[in-house]
Amino acid sequence: MRRCRSGRCATPDLRMADAARQIDQIDTAARFTAADAEALNARFAAVPTRTMLTTVLAEGLAGRIAAVSSFGAESAVLLHLLADIDRNVPVLFLDTGKHFPETLAYRDELAARLGLTGLINLTPDTEMLAERDESGLRWSYDPDGCCEIRKVQPLARALADFDASFTGRKGFQSATRAGLPRFELDTTDAAGRLKVNPLADWSSDQIAAYFKAAGLPAHPLVAEGYPSIGCSPCTTKVAAGEDPRSGRWKGWDKTECGIHVPGQDDAAGDLPPGFDPVF
Ligand code: SF4
């Protein structure tokens with residue numbers, strides 16, 4: 001049956017059905033824009049973190065959202081805040097196969113203690129691992145490529161189901177994170193996802209005070225001199241007064257694992273120094 005496209009040659013019922021069909025069309029536009037992120041930053045300027053989180057979740061301002069957590073030194077704060085509001089928020093953990101056993105035990109302890117029901121462990125693609133990191137030593141000669149296989153790709157696959165993600169990043173962690181906004185556009189691909197950094201403006205003292213007030217358990221490696229904890233081959237101890245993230249990829253000009261790095265289709269093409277996967 002030919003369909004009237006003008007809307008003038010059909011009965012009202014058919015015109016309504018036609019309108020409904022047009023609404024059903026697949027929308028391939030980006031979910032959010034930089035202007036959306038700016039508007040959210042303006043709306044929540046000076047609004048306490050817990051209130052902001054409650055509103056974002058209750059009003060669905062970020063659409064389908066998941067938290068990305070490393071279950072590292074300070075992760076418990078964001079997870080506790082979220083669990084207080086909604087224990088069912090999906091929590092994505094990049095199970096790279098290279099974590100300290102202490103991190104895996106801490107993940108399980110924290111998830112059970114906070115009653116997190118949405119923990120999802122993301123593992124690397126086994127074929128890709130066999131093809132490109134059969135020895136398991138790629139981290140030693142191509143850490144960007146190793147992160148690409150074990151972190152970036154698994155997260156990209158998982159985030160395809162979401163419109164936004166919560167991160168635990170803070171501005172004080174390193175020079176490259178200074179001035180981090182609460183809301184920003186996720187530029188790792190062109191999907192236009194939102195990245196929400198609820199703790200962006202928190203200080204190290206605030207984090208410590210929250211741990212104490214909430215009675216949160218510390219990651220066991222913090223007491224051993226690790227203020228920032230990632231995969232075991234790429235994490236070293238940090239001396240007092242040093243940048244907390246300076247123990248990550250020590251000896252390499254690499255500061256991020258790639259999950260917060262602009263993708264190749266980013267208009268600015270603005271890769272951080274040293275981020276250069278070999279493949
Ligand atoms: S942090 Fe190190 S071991 Fe972990 S995925 Fe990246 S390069 Fe590989």
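Guide: One definition to start with: a residue is buried if 20 or more other C-beta atoms lie within 10 Å of its own, and exposed if 12 or fewer do. By that count, 36% of the 279 residues of the protein chain are buried. Keep in mind that this is a predicted model.

Visitor: Ok. How many helices and strands does the protein chain have?

Guide: There are nine helices and six strands in the protein chain.

Visitor: And what share of the contacts is between residues 24 or more positions apart?

Guide: Such pairs make up 70% of the contacts in the protein chain with a separation of 6 or more.

Visitor: Let's go to the ligand. Which residues come nearest?

Guide: The ligand has 13 residues around it, and the nearest are Pro143, Cys146, Cys147, Cys231 and Cys234.

Visitor: Where does the largest share of that shell come from?

Guide: From helix α8, residues 143-159, which supplies five residues.

Visitor: How many of the shell residues are nonpolar, polar or charged?

Guide: Eight are nonpolar, two are polar and three are charged.

Visitor: Now helix packing. At what angle do α4 and α9 pack?

Guide: At about 55°, with the axes 9 Å apart; α4 covers residues 75-85 and α9 covers residues 204-214. That angle makes α4 oblique to α9. The crossing of α4 past α9 is left-handed.

Visitor: Which residues make the contact?

Guide: On α4, Ala76, Val77 and His80; on α9, Ile207, Tyr210, Phe211 and Ala214. Sorted by class, that contact of α4 with α9 has six nonpolar residues, one polar and no charged ones.

Visitor: What about α3 and α4, how do their axes cross?

Guide: They cross at roughly 50° and come within 10 Å. The pair α3 and α4 is therefore oblique. Here α3 passes α4 in a right-handed crossing.

Visitor: Which residues meet there, in α3 and in α4?

Guide: Thr49, Arg50, Leu53, Thr54 and Leu57 of α3 meet Leu81, Leu82 and Ile85 of α4. The contact of α3 with α4 divides into five nonpolar, two polar and one charged residues.

Visitor: Switching to single residues. What is the phi of alanine 46?

Guide: It is positive, about 70°, although alanine 46 is not a glycine. Alanine 46 sits in the loop between α2 (34-43) and α3 (49-58).

Visitor: Is alanine 46 buried or exposed, and why?

Guide: Exposed, because alanine 46 has 6 C-beta neighbours inside 10 Å.

Visitor: And phenylalanine 71, what is its phi?

Guide: Phenylalanine 71 also is not a glycine, and its phi is positive at about 50°. Its place is the loop between β1 (65-68) and α4.

Visitor: Is phenylalanine 71 buried or exposed?

Guide: Phenylalanine 71 is buried, because 25 other C-beta atoms lie within 10 Å.

Visitor: What is asparagine 121 in contact with, leaving aside its neighbours within four places in sequence?

Guide: With Phe93 and Asp95.

Visitor: And how many Å separate the C-alpha atoms of asparagine 121 and valine 91?

Guide: The separation is 8.5 Å, and the two residues are 30 apart along the chain.

Terms used:
Residues numbered from 1 in each chain as written. Predicted model: local features only at pLDDT ≥ 70, side-chain atom pairs only at ≥ 80, totals over all residues. Axes fitted to C-alpha atoms, helices over the stretch in contact; angles between N-to-C directions. Helix = DSSP H or I, 4+ residues; strand = E, 2+ residues; numbered from the N terminus. Parallel < 35°, antiparallel > 145°, perpendicular 65-115°, else oblique. Left-handed = near helix turned anticlockwise from the far one by under 90°. Contact = placed C-beta atoms within 7 Å. Nonpolar A, V, L, I, M, F, W, Y, C, P; charged D, E, K, R; others polar. Near = placed C-beta within 6 Å.
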